[in-house]
Amino acid sequence: MFYGLSKFFKQLLPKQLFYRGLLIVALPIILLQITISVVFFDSLWIKTNIGMTRALVGEIKNYITSYNTESSDKNFLENTFEEYLEIDVVFFKNKEFKDKMNERWYSPIDRSLRRELKSKNLSYWFDTSKFKKTVNLKIQTQKGYFEFFIPRERLTSTSVRIFALWITLPAILIVAIAIIFLKNQTRPIKKLAEASKKFGRGEKIEEFVPSGASEIRQAGYEFEKMRKRILRHLNQRSEMLSGISHDLRTPLTRMKLQLALLKDKNLIERFSNDIDEMEKMLNEYLQFSSESSKEQNEKFEFNDLIKDIIVKFNNDIIKFNEGDQFYFNGRKLSIRRCLNNLIENSTKFAKNIEINLNNLKSTVLITIEDDGPGIPINERGNVFKPFYKIDKSRSEKNSSVGLGLSISSDIIKSHGGRIELSESKLGGLKVIISLPF
Ligand SMILES: Nc1ncnc2c1ncn2[C@@H]1O[C@H](COP(=O)(O)OP(=O)(O)OP(=O)(O)O)[C@@H](O)[C@H]1O
Ligand SMILES: [Mg+2]
């Protein structure tokens, strides 16, 4: 039960760190403001209003009673009332007011005034909204009616707006400051995530400068150290391999020259075949390592790239099911090389080839299927190894090197993608490539 509840809350909560932080800061402030406002409004403001209204109505009742006493000095009473209480009063002798009450039910001032007047058994009419600073009140007696003009501040303390202002202004200020601080705190994390994503995809990134709080800075330093170590490792590997390949070319050329001096024709042919194959291997590898290290990312349309590759094969056995128009940011030449290798493999073994392109939410999915002999499950891991060929007789006639799949897998992985082999519905091999973007 609690698991379900916490899952529900997790779904409700914002996912981003910035908004979570903001919620942590803003929620208590908002709750506090609401509580203070409710307490103030209910127990202070309304209660004060009721007290003030009660006192005022008492004074008015007192005035009316004194005025209606036969022996009273009406002028004196009126003057003192107006002077000391600042309430203007007019008496309309033997008259009845005809006005209809226009009471606002939602107004707390009207409500408390009505309640107090009713409790004193007075026949009344009032309007609190006609004048801005004055409340108009009429009270009927047997001898005529009184009309009062009462200053509004005698009925209510006017500070409610100022209070509301003072309570919301600092809250807005605190939340604004929190937003600025949180933005600054989450920016370095975003930067780090962005850099890791780029590095994972194999994009070139500038030197990463850690910033922010010490823990985030630490993570940034560690990331940068790791990135440099991996780069050094990769460079070392390809430099060493291309060095070896390069150095081997000289003795190979020398061997070729020496072959010419041999007499046995049969031997010459077998040797030169082997030497040619070795040369091809070295050239292939050298080309790959020089291309991939230099190339920069660029934006290109994926469908166009595949169509372009297919055209080069110049045959009708390839069927391409296009995806939506889609621009990908990557090393175009490398990806072209990768797809080229895969399609070339299929054309070697199959009569029908089908290529599909689909762009999903955050990945592009490419499948290449054929109706050739396929690759048995136990060989699927091995074919990605450099210079690995399944069986010699299969590929001997094609003079293959055994580097195609290993280079393709390298290219896809350096873009942060995945490459997998499985069975095709056509009967042969299915290569599935997914590239994130
Ligand atoms: N579509 C396919 N159908 C059946 N077998 C395949 C297919 N693609 C590759 N293979 C097998 O996997 C092996 C490795 O392929 P890879 O492309 O790495 O090398 P290659 O094609 O022999 O040489 P290269 O591509 O370097 O000229 C191939 O020798 C072949 O036996
Ligand atoms: Mg190949």
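Which domains does the domain assignment give the protein chain? There are three: domain 1 (16–157), domain 2 (193–294) and domain 3 (296–436), with bounds from an automatic or database domain assignment. This is a predicted model, where local features need pLDDT of at least 70, side-chain atom pairs count only at pLDDT 80 or more, and totals for chains, interfaces and linings use all residues. Residues are numbered from 1 along each chain as its sequence is written, while chains are lettered from A and ligands numbered from 1 in the order in which they are written.

**Domain 2 meets domain 3**
- The centres of these two domains, taken over C-alpha atoms, sit 21 Å apart.
- Each side puts 13 residues into the contact (C-beta atoms, placed from the backbone, within 7 Å).

**Strands**
- β8 (residues 353–359) and β9 (residues 363–370) run antiparallel with seven bridges, and strands count as paired if DSSP finds at least two bridges between them.

**Around ligand 1**
- Of 23 residues around the ligand, N345, I390, S400, G404 and L405 come nearest (near means a C-beta atom, placed from the backbone, within 6 Å).
- Helix α9 supplies the largest share of this shell, four residues.

Note on methods
Helices (H or I, at least four residues) and strands (E, at least two) are DSSP runs, numbered from the N terminus. Two residues are in contact if their C-beta atoms, placed from the backbone, lie within 7 Å.
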